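The following exercises concern a single protein chain.

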Amino acid sequence: MSAAAVVPLLATVATAVSEAIVRARPQLAGADPVVRRSDRADFQSNAALPLAKRSGDKPTMLAAEFSSGIASHSGTVIADVRASGPGFLNITLTDAALWGQLAARLAGARLGVGAPCGGQRIVIDYSAPNVAKEMHVGHLRTTIIGDSLARVFGFLGADVVRANHLGDWGTQFGMLIQFIDEHPETPWHADDLGTGSSVSALDGLYKAARAQFDADADFADRARTRVVALQAGDEATVARWREIVAESEKAFGAIYDRLGVLLTPNDYAGESFYNPMLADTTAELLDKGVAVHSDGAVVVLSEQVTGPDDSPAVLMVRKRDGGYGYDSTDLATIRYRIAHLHADRLLYVTDSRQALHFQLIFEAARRAGWLTDAIEVDHVAYGTILGPDGTPFKTRAGGTVRLMDLLDDAVAAARAVVAEKNPDLPDAQLDAIAEHAGIGAVKYADLSTSRVKDYMFDPARMTAFNGNTGVYLQYAHARICSILRKAGDPADARVDTGASIESAERALLLHLDEYSGVLADIANSLEPHRLATYLYELARVFTVFYDTCPVLAAPEPARANRIALCQLTSRTLDHGLGLLGIAAPERL
């Protein structure tokens, strides 16, 4: 941890229990203190139960010994330790320790959170739309989950490399370029369209080109010739391809800006970037005996995965015609990220249907010696977005839902909810709030669900002011900001550590103190929904506090301490929502 880090109370208590275990039973050194939050005290340790089996003692006797050891070395942090039940330790902290933790977390810009990932370079592969095709609902989860992980790891000190692996190369571009050149009257540049996006026009042109390719043998031959020209670096063909890529990137940028994600053109590294590396990658795999020749192709035969016929699962490194595909590019990509980007950790944020593909890629990379034990790699898999009927989300006509249309629906739903709650808002202000709330609602609905699970896209539910929604959390933050404005919003909160503490204050303080632990857990689990759950519970615990503990009308020192609690809650909500990529307006 960095010098600015505040040690969580849970860790302090765990250390105290561990030391008591060693004092009572030195042979049990290193045992898990099994400390967690409790509704019977501030914390509870269950260590005596599993340790009794190792030592042959009764759990109650061990608990009594541990309790005595903690009590005699408790210092200013632990007020009371009591053994109870079959061998539990109920541990209560001093009021001063809790107030001191509040003051310490408020004192720094990082809320007392350290940088445990400092020194790590983490490459996160996410979003990955296809050039000349519109981003659709299938791109939402990878973009939002990947962006949140990039924010969390960046805050925890990692050197994050955001990798947007665009689908910008392949035989389909020869077909599209040939069609565009044969239909110069059809506009597709953004400057020529007036309304609509260039990528939408390109998507339509691609579908028309595909139809002509299938129906017209002469056009198909011309398209194949254009593919060869593109791969050979023909100047005019490459220039047209670059125009298509540039127009597509503009459209992707518009969606990223609206979603408020961190991706920029500097993060784009499409399939074309790795194309010059494919031959060398193939040669290295052959030289090392990882890849083999098979019926004119070059393949990697898995040593871990078999197919339905019990034959090894196959990665196609090079096709019989000498061409390269998806497997080839991903092998070159992982090789490049390890050898040239010097990644310590690799995250691939794609849907769960690609699990086998990445298992085979990672296996091949290990066998080639690229992926060593010193490098972590994870396929960050996620489930499907479902429609109201519980099936994968589609348009009424059965087509794929455009991502921009999905965002428009959420913003419209949010606008209706905000307008009903605040009917006197000017239109411009209403539109701005609706945009924040609608986009935040979409992101929170995704990130509040365990990424491996499917979830239903329901704009009405996700924009509700009540329940576990992004709008509810934004409103909770705005409400606290209103309280602080009425209090004069003191810049420096003064905390009296000698003040007594109410039970609702205690619960809020203990929950606020868990923030750094939640972020550290996400770094291990790669589950952003744990942060969403924490923030929702924080808003709920704050509501109980505010309903039972007057803030503005309280006498001193309670008033100052409660204002400080409001400040830390507001800052934690704002910061936590920011790590989810969600705006936290001060007024809503």
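The model examined here is a predicted one.

**Exercise 1. Cysteines**

Solution. 
Step 1. As to accessibility, residues under 20% relative accessible area are classed as buried. Cys549 is buried because its value is 3%, and Cys566 is buried because its value is 0%.

**Exercise 2. The chain as a whole**

Task: Describe the secondary structure, the extent and the burial of the chain.

Solution. 
Step 1. The chain contains 22 helices and 13 strands.
Step 2. Along the principal axes, the C-alpha atoms fill a box of roughly 90 × 65 × 45 Å.
Step 3. The chain has 588 residues, and 52% of them are buried.
Step 4. Consider the contacts between residues at least 6 apart in sequence: 73% of these join residues at least 24 apart.

**Exercise 3. The surroundings of Asp80**

Task: Locate Asp80 in the secondary structure, decide whether Asp80 is buried, partly exposed or exposed, and list its contacts beyond four places in sequence.

Solution. 
Step 1. Asp80 belongs to strand β3, which spans residues 78–84.
Step 2. The relative accessible area of Asp80 is 28%, so the residue is partly exposed.
Step 3. Once neighbours within four places in sequence are set aside, Asp80 is in contact with Asn90, Ile91 and Thr92.
Step 4. The C-alpha atoms of Asp80 and Leu93 are 6.8 Å apart, although 13 residues separate the two in sequence.
Step 5. The side chain of Asp80 also makes a polar contact of 2.9 Å with the side chain of Arg82.

**Exercise 4. The largest pocket**

Task: Give the volume of the largest pocket, and state which helices contribute at least two residues to its lining.

Solution. 
Step 1. The volume of the largest pocket is about 1,000 Å³.
Step 2. Its lining has 39 residues, and those closest to the centre are Asn130, His136, Gly138, His139 and Asp351.
Step 3. At least two lining residues come from each of α5 (140–155), α8 (198–215) and α13 (326–339). The largest share, four residues, is that of α8.
Step 4. By class, the lining of the largest pocket comprises 12 nonpolar, 15 polar and 12 charged residues.

**Exercise 5. The second largest pocket**

Task: Characterise the second largest pocket by volume, by lining residues and by residue class.

Solution. 
Step 1. The second largest pocket holds about 500 Å³ of space.
Step 2. Of the 19 residues in its lining, Trp169, Gly170, Gln231, Gly323 and Tyr324 lie nearest the centre.
Step 3. Two or more lining residues come from each of α6 (171–182), α9 (217–232), α11 (271–274) and α13. The element that gives the most is α9, with four residues.
Step 4. The lining of the second largest pocket divides into seven nonpolar, eight polar and four charged residues.

Notes. Residues numbered from 1 in each chain as written. Predicted model: local features only at pLDDT ≥ 70, side-chain atom pairs only at ≥ 80, totals over all residues. Heavy atoms only, no water. 1 Å grid on protein atoms, 1.4 Å probe; cavity = no way out; pocket = protein on both sides within 12 Å on 5 of 7 lines; lining within 4 Å. Points joined across faces, edges and corners; volume = space filled by probe spheres on them. Nonpolar A, V, L, I, M, F, W, Y, C, P; charged D, E, K, R; others polar. Buried < 20%, exposed > 50% of the residue type's maximum accessible area, 1.4 Å probe, protein only. Contact = heavy atoms within 4.5 Å. Polar contact = N/O pair within 3.5 Å; in protein donor to acceptor, adjacent residues only side chain to side chain.
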